[in-house]
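Reader: I have a model open on my screen and would like to go through it with you. Could we take it piece by piece?

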Amino acid sequence: MKQEVISYLFFGVLTTLINFITYLIMTDLLGVHYTVATALAWFFAVLFAYITNKIYVFKSKGNIIKELGSFIIFRLLSLGLDLALMILLVSYLHVNDLFSKVAVNVIIVILNYVLSKFVIFNKGKASVAERSHD
């Protein structure tokens, strides 16, 4: 369990770097609009996170298509939660944006870990995608 959490955090840092570096390459070197670059950087980061979580963190042997679908859906939901919490904290409660970003990201990292461990890559039970087809 401890090794799993360390691996999750390690690959999370790499995922963040992939997101940032992809964004910089697209905007600074390729001249891609920042909104498109943000979306593509998020996509590549999520794809990297899925692969590393599946292989190295949770060592899952589950169905790739079902797990990847669930992974992307939950990452989209966590992105929505991230945005909603940032709007709530910064725009409505007037909390400092950097403090809010750190606090919200702690919540999102914990949520993503729990969802990955117990729902997406759960070895003992059917994944969300499998249960939804029953």
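Reader: Let me begin with one side chain: is Phe58 buried or exposed?

Author: Phe58 counts as buried, at 3% relative accessibility, where buried means under 20% relative accessible area, exposed means over 50%, and partly exposed lies in between, with a 1.4 Å probe and protein chains only. Please keep in mind that this is a predicted model, in which local features need pLDDT of at least 70 and side-chain atom pairs count only at pLDDT 80 or more, while totals for chains, interfaces and linings use all residues. Residues are numbered from 1 along each chain as its sequence is written, and side-chain values use heavy atoms, with hydrogens and water left out.

Reader: Which ring does Phe58 form an aromatic pair with?

Author: By the rule that rings of Phe, Tyr and Trp (its six-membered ring) pair if their centres lie within 6.5 Å, the count comes to ten aromatic pairs. In one of them Phe58 is paired with Tyr8, at 6.4 Å centre to centre and 55° between the planes, which is tilted; planes under 30 degrees apart count as stacked, over 60 as edge-to-face and the rest as tilted. Tyr8 lies in helix H1 and Phe58 in the loop between H2 and H3, so this pair ties together parts that are 50 residues apart in sequence. Helices here are DSSP runs (H or I, at least four residues), numbered from the N terminus.

Reader: And what about Tyr8 and Tyr113, why is that pair called edge-to-face?

Author: Their ring centres are 5.1 Å apart with the planes at 70°, so the pair is edge-to-face. Because Tyr8 lies in helix H1 and Tyr113 in helix H4, the pair ties together parts that are 105 residues apart in sequence. Tyr8 counts as buried at 9% relative accessibility, and Tyr113 does too at 12%. Ring pairs link both of them, along with Tyr50, Phe58, Phe71 and Phe121, into a cluster.

Reader: Which residues touch the most other members in the largest nonpolar core?

Author: That core has 14 residues, and Tyr8, Val57, Phe58, Phe71, Phe74, Ile120 and Phe121 touch the most other members. H1, helix H2 (34-57), helix H3 (64-92) and helix H4 (97-120) each give two or more residues to this core. A nonpolar core is a set of buried Ala, Val, Leu, Ile, Met, Phe, Trp, Tyr and Cys residues joined through side-chain atoms within 4.5 Å.

Reader: Where does Asn53 lie, and what does it touch?

Author: Asn53 lies in helix H2 and counts as buried at 3% relative accessibility. Not counting residues up to four places away in sequence, Asn53 touches Tyr8, Phe58, Lys59, Phe71, Arg75 and Phe121, contact meaning heavy atoms within 4.5 Å. What covers the buried residues of H2 includes H1 and H3.
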